[in-house]
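I opened the model to see how the chain is put together. These are my notes, in the order I looked things up.

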Amino acid sequence: MTTARSIIPLLNRLISRSQPSRSVTYMHRPGDGAPRPVTLIPGDGVGPLVTNAVEQVMEAMHAPVYFEKFEVHGTMKKFPEEVLDSIRKNKVCIKGGLATPMGGGVNSLNVYLRKELDLYASLVNCFNMRGLPTRHENVDIVVIRENTEGEYAGLEHEVVPGVVESLKVITKFCSERIASYAFEYAYLNNRKKVTAVHKANIMKLADGLFLEACREVAQKYPAIQYNEIIVDNCCMQLVSKPEQFDVMVTPNLYGNLVANTAAGICGGTGVMPGGNVGAEHAVFEQGASAGNVGKDSIVAQKTANPVALLLSSAMMLRHLQFPAFADRLETAVQKVILQAKVRTKDLGGSSTTQEVVDAVIDALD
């Protein structure tokens, strides 16, 4: 009978064979290798733990980035102007979650940041990781969510005492540009299908406008299959046969629900990377439940899972045109997951955040 001890060398050989070749990654422009400034917002709850993990791994890799760190908390009444200035200057930010007070008319600083910088596209990649058992296999879903309007427009008022009216805003302009982003992403990443998620059978004008924009953009990409699915059926299909989906494009609220559902299928929010991007700026954070700052017990015990933000920082490195560093980081994280020696509680282990960070640094080639 094969013992666990004899399996480990075999796993290491398989990992080494599957590592991407980095002999020639891409031909850079002169000057592209200069270290880039990145705005860093540790955030609330587990945020400082997982952003510190990113700092340590970047330092260990000697990645060509350096951080401008700012303290921002979700309880602040407004986003500090000096932080916005830093992001506007650097064009790139990585952040932990900011707490959002429930009720009371207090706006979310996470939402404010996306609107202020016009980060209109949220991207969450939900996929099976080797060595992490899940109920479904062959899942590799990219959820692209409109990030600036819909139910998150923040247009609410009390009509009369006890009656609140909340407005959902859908525009042709925002619908067209998120659809264009989704199809362009699919084209550039050799994806085969884009699925638009909607509720146009009930919200005929609002979601109908969103679908109209998706259909018009789809005609420009005849090589990519396009289909549509009602959001409630989408959730059922996700938990029963998620491998049928490829790229999904959604209005704001549906994207939040779909991304978190897909993340749960693939191992949880602790391992799913994501980012928010606009024409000028990009902010990288935990892909699903980015505003969830974690339980107090996780913070106290320092057992937050840093994998999601580490993979998001790899997305950031690729965005900055440092693909070799992104490859190294992703390969190291995948190696740690596959070996299954060091895992936080959400993945069935008992490791601390720092133990995961140390394992990833040890796995860097």
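**The sheet**

I started with the strand order. The model has an open sheet of ten strands, in the order β2-β1-β3-β12-β11-β4-β5-β10-β8-β9, with mixed pairing. Strands pair here if DSSP finds at least two bridges between them. Helices (H or I, at least four residues) and strands (E, at least two) are DSSP runs, numbered from the N terminus.

Which strands stand at the edges? They are β2 (65-69) and β9 (225-230); each has a single partner strand, so one side of each is left without a neighbour in the sheet. Neighbouring strands are turned by 25 degrees against each other on average, direction ignored. Axes are lines fitted to C-alpha atoms, for helices over the stretch in contact, and angles run from 0 to 180 degrees between N-to-C directions.

Before going further I noted the ground rules. This is a predicted model, where local features need pLDDT of at least 70 and side-chain atom pairs count only at pLDDT 80 or more, while totals for chains, interfaces and linings use all residues. Residues are numbered from 1 along each chain as its sequence is written, and side-chain values use heavy atoms, with hydrogens and water left out.

**Strand pairs and a helix on the sheet**

I looked at β4 (residues 121-127) next. It pairs with β11 (residues 273-277) in the antiparallel sense, over four bridges. L123 has G275 in β11 as its bridge partner. Helix α8 (residues 252-265) packs on the sheet and touches β4, β5 (140-146), β8 (193-198) and β10 (247-250). The direction of α8 makes about 160 degrees with that of β5. Contact means heavy atoms within 4.5 Å.

**Strand β8**

Is β8 enclosed or open? Six of its six residues are buried, so β8 is largely enclosed by the rest of the structure. Buried means under 20% relative accessible area, exposed over 50%, and partly exposed in between (1.4 Å probe, protein chains only). In a regular strand the side chains alternate between the two faces of the sheet. In β8, K193, T195 and V197 point one way, V194, A196 and H198 the other way, and all are buried. β8 and β9 run parallel and are joined by six bridges. T195 has N227 in β9 as its bridge partner.

**Aromatic pairs**

How many aromatic pairs are there? I count five. Rings of Phe, Tyr and Trp (its six-membered ring) pair if their centres lie within 6.5 Å; planes under 30 degrees apart count as stacked, over 60 as edge-to-face and the rest as tilted.

F79 and Y112 are stacked, at 6.3 Å centre to centre and 25 degrees between the planes. F79 sits in the loop between β2 and α3 (81-90), Y112 in helix α4 (residues 109-116), 33 residues apart. F79 is buried at 2% relative accessibility, whereas Y112 is partly exposed at 33%.

F183 and Y226 have ring centres 6.0 Å apart and planes at 45 degrees, so this pair is tilted. F183 lies in helix α5 (residues 172-188) and Y226 in strand β9, 43 residues apart. F183 is buried at 0%; Y226 is partly exposed at 22%. Ring pairs link F183, Y187, Y221 and Y226 into a cluster.

**Helix α12**

I checked which residues of α12 (residues 353-363) are buried. They are T353, V356, V357, A359, V360 and A363. Seen down the axis of α12, they fall within an arc of 160 degrees, so they line one face of the helix. The arc is that of the directions from the helix axis to the C-beta atoms. Their cover includes α2 (47-61), α10 (307-319) and α11 (323-339).

**Cysteines and D85**

I searched the whole structure for disulfides (cysteine sulfur atoms within 2.5 Å). The search finds zero. C174 is buried at 9% relative accessible area, and C214 is buried at 0%.

D85 is in helix α3 and is partly exposed at 42%.

**Totals**

The protein has twelve helices and twelve strands. Buried residues make up 49% of its 365 residues. Of the contacts with a separation of 6 or more, 76% are between residues 24 or more positions apart.
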